[in-house]
Amino acid sequence: MPENKKMTKQIPDNFASIEEATDFWDNHSLADFWEQTQEVTIEVRAPRRQWIALEGGLAKKTAERARQEGVSIETLVNLWVAEHLQTQA
């Protein structure tokens, strides 16, 4: 093929699964497809989070309990606080 005629790679229109999409992008660079991109505007609505510090020993015990329960520390603490507040209502 002559040097001045590059093969144009195409991004698939659709991927059958998220795994297929991740496999594609794991093996390709966006730089190879830059001419096919376009600017977009998106709106992100993420819930606000408040981080609360726990005393070191309490955090360690909570982390151990969360592992035992098979959940994240954040999930466990949120459940505990929600349960406590519900009983106080």
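Visitor: Why is Arg65 called partly exposed?

Guide: Arg65 has a relative accessible area of 39%. Buried means under 20%, exposed over 50%, and partly exposed in between (1.4 Å probe, protein chains only), so Arg65 counts as partly exposed. The model is predicted: local features need pLDDT of at least 70 and side-chain atom pairs pLDDT 80 or more, while totals for chains, interfaces and linings use all residues. Residues are numbered from 1 along each chain as its sequence is written, and side-chain values use heavy atoms, without hydrogens and water.

Visitor: What makes the pair Arg65 and Glu69 a salt bridge?

Guide: The side chains of Arg65 and Glu69 meet at 3.4 Å, N to O. A salt bridge needs a side-chain nitrogen of Lys or Arg within 4 Å of a carboxyl oxygen of Asp or Glu, so the pair qualifies. Arg65 and Glu69 are four residues apart in helix 2, which means about one helical turn separates them. Glu69, at 46% relative accessibility, is partly exposed.

Visitor: How many salt bridges does the structure hold?

Guide: There are two. Besides Arg65 and Glu69, the side chains of Glu43 and Arg45 form a salt bridge at 2.8 Å, N to O. Glu43 has a relative accessible area of 62% and is exposed; Arg45, with 74%, is exposed too.

Visitor: How do you know that Thr62 is buried?

Guide: Its relative accessible area is 4%, so Thr62 counts as buried. Thr62 lies in helix 2, residues 56-69 (a helix is a DSSP run of H or I, at least four residues, numbered from the N terminus). Leaving out residues up to four places away in sequence, Thr62 touches Leu54, Ile73, Leu76, Val77 and Trp80 (contact means heavy atoms within 4.5 Å).

Visitor: Why are the buried residues of helix 2 said to line one face?

Guide: The buried residues are Thr62, Ala63 and Ala66. Seen down the axis of helix 2, they fall within an arc of 105°, so they line one face of the helix (the arc is that of the directions from the helix axis to the C-beta atoms). Helix 3 (73-88) is included in what covers them. On the other side of helix 2, Lys60, Lys61, Arg67 and Gln68 are exposed.

Visitor: Why is Gly57 not called buried or exposed, and where is Gly57?

Guide: Gly57 is in helix 2. With 33% relative accessibility, Gly57 counts as partly exposed. The C-alpha atoms of Gly57 and Asp32 are separated by 51 Å, and these residues are 25 residues apart along the chain.

Methods
Helices (H or I, at least four residues) and strands (E, at least two) are DSSP runs, numbered from the N terminus.
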